[in-house]
Structures are given as structure tokens and as C-alpha cells.
Amino acid sequence: MKSIHIENQNSTILIGESYLNIKKYLPEKKCFLICDENIYAHYKSFIDDFDHIIIGCGEGIKTWSSVEKIVEKLLESGADRNSYLLGMGGGLVCDVTGFVASIFMRGLEFGFISTSLLSQVDASVGGKNGINFGKLKNMIGVFNPPQFVICDPQLLKTLPEREVRSGFGEVIKHAFIKDKDLFQFLNDNREALLNLQPDLMEDLIYRAVSIKTDVVNNDPFEKGERKKLNFGHTIGHAIENNSDLTHGEAVSVGMALATKLSEEMCGLGSEESEEVISLLQKYELPVTHEVSAETINEFLLKDKKKNRSSIDFILLTKIGEACIKSIPIEDLKSKVIQLCKDPKPIQ
Ligand SMILES: [Zn+2]
């Protein structure tokens with residue numbers, strides 16, 4: 001087991017710890033476990049040991065109506081400001097749990113058992129909690145870190161294959177923006193990693209979490225450096241919202257597009273650009289997707305990170321190194337639309 005402490009957030013990520021040891025980490029408080037239907041079906045006997053609240057399934061659970069449902073159930077069950085919330089699930093469940101914990105009676109302590117690769121390497125680290133507002137992702141939320149996150153690679157075995165690949169999209173992102181060695185590790189161990197070999201997965205999750213933790217430690221409120229974690233996400237979110245691609249798949253397409261733009265806008269070598277795209281393909285992730293000009297337009301204008309008429313866009317200078325470039329929205333739009341029409345590098 002490896003643990004990573006995020007100092008300025010007083011949050012500990014436990015990688016390789018078994019979820020069965022959860023009691024070691026819970027305070028002497030009335031604890032409510034929150035999960036979705038899938039997780040309940042897989043881990044029923046474990047969950048039945050807790051007071052639990054089951055909230056539907058899918059993206060629909062990240063809404064006001066689930067927040068209301070959870071609050072209602074907490075009140076019915078006699079929760080008070082001394083209660084503890086334990087979210088068990090992927091990013092959606094953890095996001096909602098953390099959000100409810102942050103606002104219920106002005107805030108409860110909470111922790112997560114993270115069950116998806118995507119949430120183990122990404123969603124659970126950094127203290128972002130929130131819900132969607134209509135089509136807009138994470139429009140309402142808070143920065144508030146969980147006390148602990150258990151990342152048990154054994155839990156990944158019950159994930160559908162497509163969700164595993166989606167998680168790899170996010171891990172690969174960390175390699176692209178920050179860690180050439182991790183890039184090599186992913187290249188060299190594709191088979192074993194796609195088969196979720198536990199020792200290698202523990203290593204992989206640890207490395208990805210370390211990168212994110214470093215960045216978050218240095219920039220807890222996303223003022224600068226942390227923006228690099230958004231590599232592939234501006235376009236990725238537009239695609240995710242207008243297709244049936246998973247988050248990791250959409251981000252993969254977004255990263256491929258941003259990589260092509262990097263060749264033109266910040267001197268990424270064409271060989272490195274090809275290596276980036278081929279790693280995504282090795283993990284069976286898509287690198288192109290048809291998307292309409294209106295979709296891109298709508299999203300760039302609504303992007304919550306937008307800064308007047310230009311947008312902070314993340315590009316690669318080389319494998320393992322990213323930069324933040326402020327690009328006029330009109331420029332970006334026409335370049336992205338051109339790349340979507342013609343998925344070859346811009347000449
Ligand atoms: Zn992401």
C-alpha cells in the first residue's frame with residue numbers, strides 16, 4: 001500500500017489499500033454510505049453493513065434532484081452535523097457525495113472509496129465536487145477535499161471494459177503533460193495494464209496520482225499550473241456532451257486535436273505528435289470524431305474557463321511538457337473545425 005498526503009488540503013489518498021479495511025479510516029461518527037445501483041449490486045453484503053443511500057445510475061445522478069433526494073434521506077435517517085458521509089463509486093457518486101457533504105448543515109466530514117480508474121486517478125484528487133446544470137458539466141460546485149480516498153485496484157475488476165479504457169485516457173493525459181517516463185511505462189506495459197495486473201496498476205495509479213497531487217499542491221484553486229490538467233478537456237467536454245462517447249474517449253479525441261494544434265502553435269515535433277496519437281490508439285481510444293461547427297462554437301463560448309474573448313488552451317511543447325496559451329476564441333474555433341473536417345495535421 002502506498003499513501004499520498006495532499007498537505008494543503010489535509011487529504012490522504014490510499015493506493016492499494018483494500019476497501020475491506022475501511023473501518024480503520026472512519027471516525028467514531030454516524031456514517032452514511034452513498035453509492036449507485038451498480039456498485040450496490042456488486043458489493044451488496046459490504047454495503048448492507050452501513051446505513052446507505054442508493055442514488056440511481058449514470059450522469060443523471062449529478063443533478064439538483066439527487067442532491068435533494070440525498071438531503072431528504074439524510075434528514076429522515078436522523079443525520080446531523082456530526083454525521084459522516086462515505087461515497088463509494090466512480091466520479092459521479094463521489095462528486096455528488098462531496099457536494100452534499102459540503103452543504104448539508106453547512107458541511108460534514110467525508111471520505112471516498114473510489115471504484116473506477118477514472119475517479120482513482122482523477123476525480124477523487126483535488127477536492128472538486130459538484131453537479132451539472134442542464135448540459136453544462138460541473139457548473140455548480142465547491143472545492144472541498146475528502147479526508148481520505150481509498151483506491152483499491154481490486155475494485156477495478158468489476159468495471160466494464162469500456163470504462164477501464166476511459167480511465168486510461170485520463171492516465172495517459174498525465175503522462176503527456178508531465179511525465180515522459182510514465183509515457184514509456186504505458187508504452188511498454190500495454191498488455192498487462194489493459195488486463196489490470198494489480199501490482200502494475202498500483203504503480204500506475206500511484207504515478208498518476210502523484211502527478212496530479214504535485215500540481216494541485218502547487219495550485220489548489222486552479223489559478224495557473226493546474227490548468228494544464230485540462231489538456232484535451234475543452235474540446236473533450238464539447239464532444240462528450242454531444243455524442244455517446246465516455247469522458248475518457250472524448251478527452252482522447254480532445255487530446256489528439258490539441259496535439260495537432262500543438263504542432264502549429266507551439267512547435268511540437270511531428271514525430272512526437274505521432275507518438276502521442278499512437279499511444280492513445282494502443283489503448284483503443286478514439287482520436288477523431290465528427291463534431292459540428294455549432295457544437296464547438298457553443299461550447300467555446302460557454303466554457304466556464306473562458307476569459308473574455310480568448311481562451312486558456314493547453315498545448316504540448318513536447319511529450320511530458322505542456323504549456324498554457326491564451327488563444328482568441330475565433331482563431332481556435334476555425335482551427336478546430338478545420339481539424340475535425342480533415343483529421344490530418346495542419347500544414
Ligand atoms: Zn477528465
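The structure is a predicted model, in which local features need pLDDT of at least 70 and side-chain atom pairs count only at pLDDT 80 or more, whereas totals for chains, interfaces and linings use all residues. Residues are numbered from 1 along each chain as its sequence is written, and side-chain values use heavy atoms, with hydrogens and water left out.

To the contact (heavy atoms within 4.5 Å), domain 1 contributes 30 residues and domain 2 contributes 34 residues. The size of an interface is often given as the accessible area lost when the parts come together. For domain 1 and domain 2 the buried area is about 2900 Å², with 65% of it given by carbon and sulfur atoms; buried area here is the accessible area (1.4 Å probe) that two parts lose on being put together, summed over both.

Polar and charged pairs across this interface were also counted. Two salt bridges are found between domain 1 and domain 2, a salt bridge being a side-chain nitrogen of Lys or Arg within 4 Å of a carboxyl oxygen of Asp or Glu. The count of residue pairs in polar contact between the domains, with both residues at pLDDT 80 or more, is one. A polar contact is a pair of N or O atoms within 3.5 Å, where within protein one atom must be able to donate a hydrogen and the other to accept it, and where residues adjacent in sequence count only if both atoms are side-chain atoms. On the side of domain 1 that touches domain 2, at least two residues each are supplied by β1 (2-6), β2 (11-15), α5 (117-123) and β8; helices (H or I, at least four residues) and strands (E, at least two) are DSSP runs, numbered from the N terminus.

Strand β8 (residues 136-143) pairs with strand β7 (residues 128-133) in the antiparallel sense over five bridges, pairing being assigned if DSSP finds at least two bridges between two strands. Within this arrangement, Asn129 stands opposite Val142 in β8. The hairpin of β7 and β8 has two residues between the strands, and Gly134 in this hairpin takes a positive phi near 60°. Asn138, placed in strand β8, has a phi near 50°, a positive value in a residue other than glycine. Asn138 has a relative accessible area of 30% and is therefore partly exposed, where buried means under 20% relative accessible area, exposed over 50%, and partly exposed in between (1.4 Å probe, protein chains only). A positive phi, near 65°, is also found at Arg106, a residue other than glycine, which lies in the loop between α4 (91-103) and β6 (109-114) and counts as exposed at 76% relative accessibility.

In helix α7 (residues 180-188), the buried residues are Leu182, Phe183, Phe185, Leu186 and Asn187, and these pack against α6 (161-178), α8 (190-194), α9 (198-218) and α12 (270-282). The N-terminal end of α7 is capped by Asp179, a side-chain oxygen of which lies 3.0 Å from the backbone nitrogen of Asp181. In helix α8 is Ala192, which is buried with a relative accessible area of 17% and touches Gln197 and Leu200, residues up to four places away in sequence not being counted.

Side chains of opposite charge can pair when their charged atoms come close. The structure holds 20 salt bridges. One of them joins Glu17 and Lys24 (3.4 Å, N to O); Glu17 counts as buried at 6% relative accessibility, whereas Lys24, at 60%, counts as exposed. In the salt bridge of Lys228 and Glu225 (3.3 Å, N to O), Lys228 counts as buried at 14% relative accessibility and Glu225 as partly exposed at 29%. The side chains of Asp312 and Lys227 also meet in a salt bridge (2.8 Å, N to O). This pair links distant parts of the chain, 85 residues apart, with Asp312 in strand β10 (residues 310-318) and Lys227 in the loop between α9 and α10 (233-241); Asp312 counts as partly exposed at 21% relative accessibility.
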